[in-house]
Amino acid sequence: MDHPAFTTVRRHTIPALHVEFQEYRHHVTGARHIHLAADEPHNAFMVAFLTVPQDSTGVAHILEHTALCGSRRYPVRDPFFMMTRRSLNTFMNAFTSSDWTAYPFASQNRKDFSNLLDVYLDAVFFPSLDELDFAQEGCRVEFSEADNPASDLVYKGVVFNEMKGALSSPVQNLGQSLQSLLFPTTTYHHNSGGDPEDIPRLTHAQLRAFHARHYHPSNAIFMTYGDIPAAEHQARFEDRALSAFQALPLDLSIPDERRYREPQRAETPYALADDQELTDKTHIVLGWLLGPVTDPRAVMEGRLLSDALLDNSSSPLRHALETSGLGSAPSPMCGFDAATRETTFVCGVEGSNPEQAQAVEERVLSVLNDVAEQGLPLETLEAVLHQMELSEREITGDGFPYGLRLLLEALTPAIHGADPVPTLDSGPQLDTLREDIKNPDFIKHLTRRWLLDNAHRVRLVMVPDHSLAAAQDQGEKQRLANLAASLNAAERERVIRQTQALQQRQTQPDDPELLPKVGLADVDADLKIPLGTARPVNGLPATWYARGTNGMVYEQVIVDLPSLDEELLDVLPLYAACLSEVGSGGRDYLTTQAAQAAVTGGLNARCLMRADVNDVQRSHAVLVLAGKALARHQAALADLLGATLFTARFDEAARLRELIGQLLAQREESVTQHGHALALVIASAGLSPTAALSNRWEGLEGVKRLRALDEALRRQDALADFSACLETLHGLLHTAPRQLLIVSEEELQDGVADSLARCWAPYPSPVATAKLELPPVEQRIRQAWSTSTQVSFCAQAYPTVAQNHPDAPALQVLGEFLRNGYLHRAVREQGGAYGVGAGYHPDSGAFRLYSYRDPRLSETLDDFARAIDWLLSTEHSPRLLEEAILGVIAAIDRPGSPAGEAIGAFFGDLFGRDADQRRDYRRKILQVSLADLKRVTATYLQPERASSAVISAAERIRSLKGWETLAI
């Protein structure tokens, strides 16, 4: 039954997604509610607003943060982070996009869902927007000596530092610069996240005005997914928020961009550290403005054209970019983007030089002209539509709830007043396109209309600059000096008073009981773990999981890694990266890539190593080759997996050179994007063989080794040696012990078994061989790595115990306890870092602490030590313990996709973490006491045992004494 405050607009069943699309409109305010009704207890919610900033002060982004700092019904300083500790949520966050702001969450627990809904609705519609919270989350000035008005001024603020970190990434810089050029007159011209140079200009009054105009129900879309009826949601919306509002006439719609009459060219710098070469570091991209996102036909055409040109190495434009010799790799910006009201298409290269810009542009236009004149093979276009179909059908949910993924897909057209159904239910459009592509002129006309005859094109060259970082730093200091010079005595005193007031507010305890909660009594009694069935294939061990995969089949080959010498061990992750990207089955790599695209959702290989649950100095390592396909292509998937594992060819030297260059570009880009993860890898490297190998493969040592290899492969002799090394490794893996993993619906499994038996019959049987064993590792590390960044990443690691040790559950809870009780306040709120955390890591046997996009360095390391002192010297409330345990249990119980849960269960069994072990570990976590936390802290977290790693700018690292310093 419909809720009386809402009118039903329509209902539409989407069989491919097993949902019913339901749309409603609120009578009084005009607010929209889109509900995806599904037989799924993992419910999701999101409320979103069209937000259209007219500058780069970051008003939408800072409002997103500040709205979550207290509200009318929940007048506490930090309800969002407090609720993360009082909830069993599977996802909680808030997002600021270029033109919308959204507040999503998901939970499997009905009580928890209701609690979170109440807090979210109050936060967005009735936030406190306290001026001190604005100062904390956005940007403020303080004196470097807080109580000394004669000392220098400094900027502080969470978003200010977040955006400094974000714009330290060349790719983020490139994307923002290109968008600004493609949209010269509309809201997309500005950085919605905020530019650190502009953020300090935002005032509290402007923030409140932006909220009043944009965060009104008349500008809101409510979106829900799951088995809670729409009317039940609407009753809550009406009672908790909508009944307090009347309709507000608004026209925030974004106009069409003013089109260029001729292509534009621009050049912009980005900061590069002094110790890095400027050669081969330029980004060159071409961008086009295409059709409106509100036109589903235009969006589908854009996707088809983009994927036909760029999907894989056999696609004409991607092939041209990879083999041009004009850059190290295709730009990560390549592709079609429907995240703005008018869509865009981008292509280009990275690892180039400024003087090659014209050649890159000519190469791209040459390919486009070829396509416009000659078209593309029908099978290429059919493969693209196959990939689109597979993407729609696959049920995801590993790392991000599936329901929220669907809501976000629907949001972009919906926020602009368009129909989101074609985005979710693309089957009819795919059927139309299947007919369209039979006309040879179809793709030719698309290429001309959207690209060649489209004058709204921008060529952007982003050039490295050794002096830019210093200039930016000096510019910030000058702005602060100018501000200081303009302050009179009363204004200086006001800065000091604000600093003192904020410090007092940050240390003032809130009453958590003002917030709703779930407790340990609400935790499910059992941990749901899929069960597999053993069913050999031609004598090869195979484990089968019957899961609701919506017509998808997942197959994996797991190979035990044999004993390897040091050279082969270093090459192993590169072998895995290349394995599915080279030719196989007698085909060259281009034909192989096309074959994969035609019948699979992609093949990939990876090395996987886990520490023993009883001894972190022992480990088990495997190579995993994985693929997925629609059920009708399961036999072809089996063929390709076998051909890849046994007949991959490493004699295409130019291809190997391209792949290493692309891999290096990806790894270098990860430094500023995932610096905290890299710092943790380094800090843990001396604590176990698994951790040491992770640093060797994935850490900054691995980046340096990969860079040296990339340079060496310019020589033919080195390229031949590398190829031979890959061949040697490939041969060793042919006869290593292996097994299969299959996940599909039960009714498909007989057919899959027949296909596997036929496809794998010709290949050699495995033989017993010595497994890879690594020597024990015990080393204390203190490393500081310098790179081009405006922020820092700090990490610390303490040696502890293996996962089956009785102290492991307490260490797991300790991480949540320290973050909730001390680190969040000290490092994020007071220190200004965007992120901070702590936790127990079983594979390194370590307890680890980290900060992310942090303006500080040694001060944060001091805060890590103070957190430990706080734990040991303070009497703690049982509430804090319950909140920490809830956080750990919520992470353990977080659901994945049907296939992902099965794959996780299989590898848990493989590495000694079977269902019994996992359930026992969970049970022990629920039994952890405050005394346990103090005991394990005193036992393991001793200063003299700590290993530390930081990634920062060279000038900041110089302040550290007694550290090993290295340059990325």
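Two residues are in contact here if they have heavy atoms within 4.5 Å of each other. The structure is a predicted model, in which local features need pLDDT of at least 70 and side-chain atom pairs count only at pLDDT 80 or more, while totals for chains, interfaces and linings use all residues. Residues are numbered from 1 along each chain as its sequence is written, and side-chain values use heavy atoms, with hydrogens and water left out.

**Figure 1. Surroundings of Ile 781.** Ile 781 lies in the loop between helix H27 (749-760) and strand E23; helices (H or I, at least four residues) and strands (E, at least two) are DSSP runs, numbered from the N terminus. Not counting residues up to four places away in sequence, Ile 781 touches Ile 682, Ala 685, Gly 686, Ser 947 and Ser 948. With a relative accessibility of 7%, Ile 781 counts as buried, a term that means under 20% relative accessible area, whereas exposed means over 50% and partly exposed covers the range in between (1.4 Å probe, protein chains only). Between Ile 781 and Ala 949 there are 7.4 Å in space, C-alpha to C-alpha, although the two are 168 residues apart in sequence.

**Figure 2. Surroundings of Ser 786.** Ser 786 belongs to strand E23 (residues 782-786). Its relative accessible area is 12%, so Ser 786 is buried. Residues up to four places away in sequence being left aside, Ser 786 is in contact with Asp 275, Ser 952, Ala 953, Ala 954, Ile 957, Leu 966, Ala 967 and Ile 968.

**Figure 3. An open sheet of 6 strands.** The strand order is E17-E18-E22-E19-E21-E20, and the pairing is mixed; two strands pair if DSSP finds at least two bridges between them. Strand E17 (533-534) and strand E20 (603-611) are the edge strands, each pairing on one side only. Helix H19 (residues 566-579) packs on the sheet and touches E20 and E21. The direction of H19 makes about 150° with that of E20, where axes are lines fitted to C-alpha atoms, for helices over the stretch in contact, and angles run from 0 to 180 degrees between N-to-C directions.

**Figure 4. Strands E19 and E21.** Strand E19 (residues 552-560) pairs with strand E21 (residues 619-630) in the antiparallel sense, over 9 bridges. Ile 558 stands opposite Val 624 in E21.

**Figure 5. Aromatic pairs.** The whole structure holds 28 aromatic pairs; rings of Phe, Tyr and Trp (its six-membered ring) pair if their centres lie within 6.5 Å, and planes under 30 degrees apart count as stacked, over 60 as edge-to-face and the rest as tilted. The ring planes of Trp 760 and Tyr 763 stand at 75°, with centres 6.0 Å apart, so this pair is edge-to-face. Trp 760 is buried, at a relative accessible area of 6%. Phe 906 and Phe 907 also form an edge-to-face pair, 5.0 Å centre to centre and with 85° between the planes. Phe 906 is buried at 4% relative accessibility, and Phe 907 is buried at 8%.

**Figure 6. An aromatic cluster.** One cluster is formed by Phe 45, Phe 49, Tyr 103, Phe 105, Phe 113, Tyr 120, Phe 125, Phe 126, Tyr 215, Phe 222, Phe 237 and Phe 245.
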